[in-house]
Amino acid sequence: MPIHNHRWFFPAVQIEPELLEIYRSTHQFYQEVQSREAHDRYCEWYAAASEQHRRELDRMRGDVNVFGWFRRRS
């Protein structure tokens with residue numbers, strides 16, 4: 001298996017530490033925004049699912065308890 005040594009030549013650019021800090025802060029900010037939006041979407045889904053389950057439980061409580069007929073003792 002041949003080994004290829006490819007060298008990329010970039011001009012030596014001095015990156016200011018302040019720019020790196022700005023980039024890091026901006027990146028962290030957008031990560032926090034995305035995390036909060038994902039959490040908000042989850043909370044909305046959870047509220048909708050729990051409301052649906054409450055409605056289903058109320059409907060089931062009104063149904064006839066067929067299983068109770070088999071458990072009755074004579």
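A salt bridge is a contact in which a side-chain nitrogen of Lys or Arg lies within 4 Å of a carboxyl oxygen of Asp or Glu. In this structure, which is a predicted model, a search of the whole structure finds five salt bridges.

The chain that carries them has two helices and zero strands, and buried residues make up 3% of its 74 residues. Its accessible surface comes to about 8,300 Å², and 57% of that area belongs to carbon and sulfur atoms.

| Salt bridge | N to O distance |
|---|---|
| Glutamate 21 and arginine 24 | 2.7 Å |
| Glutamate 32 and arginine 36 | 2.7 Å |
| Arginine 61 and aspartate 58 | 3.9 Å |

Glutamate 21 and arginine 24 both lie in helix H1, three residues apart, which is about one turn of the helix. Glutamate 21 counts as partly exposed, at 40% relative accessibility, and arginine 24 is likewise partly exposed, with a relative accessible area of 43%. Glutamate 32 and arginine 36 also belong to helix H1, where four residues, or about one turn, separate them; here glutamate 32 is partly exposed at 37%, whereas arginine 36 counts as exposed at 55% relative accessibility. Arginine 61 and aspartate 58 are again both in helix H1, three residues apart, and arginine 61 is exposed, with a relative accessible area of 62%.

Tyrosine 42 is partly exposed at 46% relative accessible area, while tryptophan 45, at 53%, counts as exposed. The rings of tryptophan 45 and tyrosine 46 have their centres 6.3 Å apart and their planes at 65°, so this pair is edge-to-face. Taken together, ring pairs link Tyr42, Trp45 and Tyr46 into a cluster.

Which residues form a nonpolar patch on the surface? The patch consists of Ile15, Leu19, Leu20 and Ile22, which together have about 390 Å² of accessible area. Of these residues, leucine 20 lies in helix H1 and counts as partly exposed, at 43% relative accessibility.

How values were computed: Residues numbered from 1 in each chain as written. Predicted model: local features only at pLDDT ≥ 70, side-chain atom pairs only at ≥ 80, totals over all residues. Heavy atoms only, no water. Buried < 20%, exposed > 50% of the residue type's maximum accessible area, 1.4 Å probe, protein only. Phe/Tyr/Trp six-rings, centres within 6.5 Å; stacked < 30°, edge-to-face > 60°. Patch = residues over 30% accessible without salt bridge, like charges linked within 9 Å, V, L, I, M, F, W, Y side chains within 5 Å. Areas by Shrake-Rupley, 256 points an atom, 1.4 Å probe, with all protein chains shown as cover.
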